[in-house]
Amino acid sequence: MFKGLSLDQAPPFEGPLAFFTVGVLFGFIAVVSLFFHTSPIATLHLFTLGFFASIMMGALQQMLPVVVGVYFKKPLQFALITLLPFMMGVLFFSLSFNGYNLFLFALVALAFSLGLFSSTTLLKLLQSPRITPTVRAMQLSLLSFIIVIVFGITMLAKLTSNNGFDAVLPQIHALFALFGWIGLLIIGVSFQVIPMFYVTDELNEKIRYFLVYATAFLLLLTTIVVLFLPKLFIPMLFITTLPYAFYALLMIKNIKNRKRAIQEPSIAYWYIGFVSLLLLPLITLFDSEKGVIFYLFGFASSIIFAMLYKIIPFLSWFHISSRGFFDMPTMKEMVDERAAFVQLFLHINFLLFLFIDLHGAAILFATQLLIMSFNLYKSIKIYFSYRSKPSPFANVH
């Protein structure tokens with residue numbers, strides 16, 4: 001099950017868990033922001049930075065030692081040093097677009113936290129003892145994240161000094177955030193976790209490398225074209241989505257042929273994410289803004305829900321068993337599948353409401369987060385109940 005993984009250097013569960021918890025909190029704040037008609041830019045960044053980025057940062061911190069074989073010397077301290085200013089930065093950013101002039105504070109807090117996280121993590125990835133398609137995808141994803149941060153900080157600095165900026169800056173900022181940072185990280189992680197959790201064959205290595213490099217190349221090409229010919233933004237955006245559609249097609253086939261044909265909610269979330277990618281080129285061509293919304297919530301949020309339903313029970317189980325306890329519940333017993341299926345039903349309705357009624361969609365999203373939080377809390381509670389007990393290994397000698 002754990003082929004190719006290095007489990008002995010995994011960071012304490014509390015590190016990634018802090019990022020996941022903050023992500024869910026920002027998900028609720030983003031819903032409140034949407035519901036009360038606050039600034040659309042503030043609401044968008046509460047979702048993208050607050051919800052998506054913090055969960056992905058937590059996942060990356062966890063995946064680095066387990067999948068890549070490199071680790072942080074003091075993971076908990078690193079998580080706190082980056083997470084606290086990150087939270088302040090996102091809140092300052094949101095308030096700045098709602099009448100409070102806190103752009104400078106947001107700029108400093110976000111530049112420090114995101115700059116420290118991305119540069120340190122990229123440096124760790126560059127030290128990986130073995131280069132695989134997953135490692136390469138993570139490296140390019142982090143590089144994209146740094147570009148996103150640079151463009152974001154540049155725009156914030158211009159707002160601080162009351163200078164305007166060209167429309168091409170937010171376009172490139174969004175391109176690298178969506179198709180570089182989020183997209184490449186999910187692609188890379190999926191190469192590793194789907195065979196592990198669902199007992200599927202791995203995609204051919206040449207195809208995996210092709211998907212990673214084709215995505216990165218088209219992202220770079222689109223950026224260059226948009227810089228000189230902004231009118232070609234939509235056609236280039238359409239071309240950028242094509243490797244994602246191809247990736248989705250391969251992954252659907254791969255999961256469909258899995259060796260353990262068990263039905264569970266997380267598999268349905270993966271399917272929804274991949275079907276969203278298949279539809280993405282068409283939606284983007286028809287309406288690029290709807291394409292972005294569909295990418296974020298149809299693809300990225302579905303995969304995040306799928307990952308959280310697997311990662312959190314797995315980490316609870318792994319950390320307990322690595323301390324010598326073997327009487328704990330199984331991963332399957334750590335979540336209530338009926339509640340997860342209820343959330344899945346709400347998620348499908350949420351995606352439909354995104355294009356009909358945003359307020360209805362906001363309520364469905366918040367309800368989903370509530371159900372998931374209560375459901376995953378069981379795994380977390382089990383972990384903390386065992387953490388307080390003395391390890392059986394202590395009595396071996």
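**Figure 1. Surroundings of Trp270 in the predicted model.**

**Figure 2. The largest nonpolar core.** The largest nonpolar core is made up of 132 residues. Which residues have the most contacts inside this core? They are Trp181 and Trp270. Helix α6, which spans residues 168-198, gives the most to the core: 20 residues.

**Figure 3. The largest cavity.** Five cavities of 30 Å³ or more are found in the structure. The largest cavity holds about 170 Å³ of space. Its lining consists of 15 residues, and those closest to the centre are Met56, Ala59, Ile186, Ile304 and Met307.

**Figure 4. Helices and residue classes around the largest cavity.** Which elements each supply at least two residues of the lining of the largest cavity? They are α2 (40-68), α6 and α10 (288-322). Helix α10 gives the most to this lining, with five residues. Sorted by class, the lining has 14 nonpolar residues and one polar residue, and no charged residues.

**Figure 5. The second largest cavity.** About 100 Å³ of space lies in the second largest cavity. It is lined by 13 residues, and Gln62, Met63, Val66, Met196 and Phe314 are the closest to its centre. Two or more lining residues come from each of α2, α6 and α10.

**Figure 6. Asn349 in helix α11.** Asn349 has its place in helix α11, which covers residues 337-353. Is Asn349 buried, partly exposed or exposed? Asn349 counts as partly exposed because its relative accessibility is 21%, and buried means under 20%. A polar atom of the Asn349 side chain lies 2.8 Å from the backbone oxygen of Phe345. Along the chain, Asn349 and Leu364 are 15 residues apart.

Note on methods:
Residues are numbered from 1 along each chain as its sequence is written. This is a predicted model: local features need pLDDT of at least 70, side-chain atom pairs count only at pLDDT 80 or more; totals for chains, interfaces and linings use all residues. Side-chain values use heavy atoms; hydrogens and water are left out. A nonpolar core is a set of buried Ala, Val, Leu, Ile, Met, Phe, Trp, Tyr and Cys residues joined through side-chain atoms within 4.5 Å. Buried means under 20% relative accessible area, exposed over 50%, partly exposed in between (1.4 Å probe, protein chains only). Helices (H or I, at least four residues) and strands (E, at least two) are DSSP runs, numbered from the N terminus. On a 1 Å grid over the protein atoms alone, a cavity is a set of points where a 1.4 Å probe fits but cannot get out, and a pocket is an open set with protein on both sides within 12 Å along at least five of seven lines; lining residues have an atom within 4 Å of a point. Grid points are joined across faces, edges and corners, and a volume is the space filled by probe spheres set on the points. Ala, Val, Leu, Ile, Met, Phe, Trp, Tyr, Cys and Pro count as nonpolar, Asp, Glu, Lys and Arg as charged, and the others, Gly among them, as polar. A polar contact is a pair of N or O atoms within 3.5 Å; within protein, one must be able to donate a hydrogen and the other to accept it, and residues adjacent in sequence count only if both atoms are side-chain atoms.
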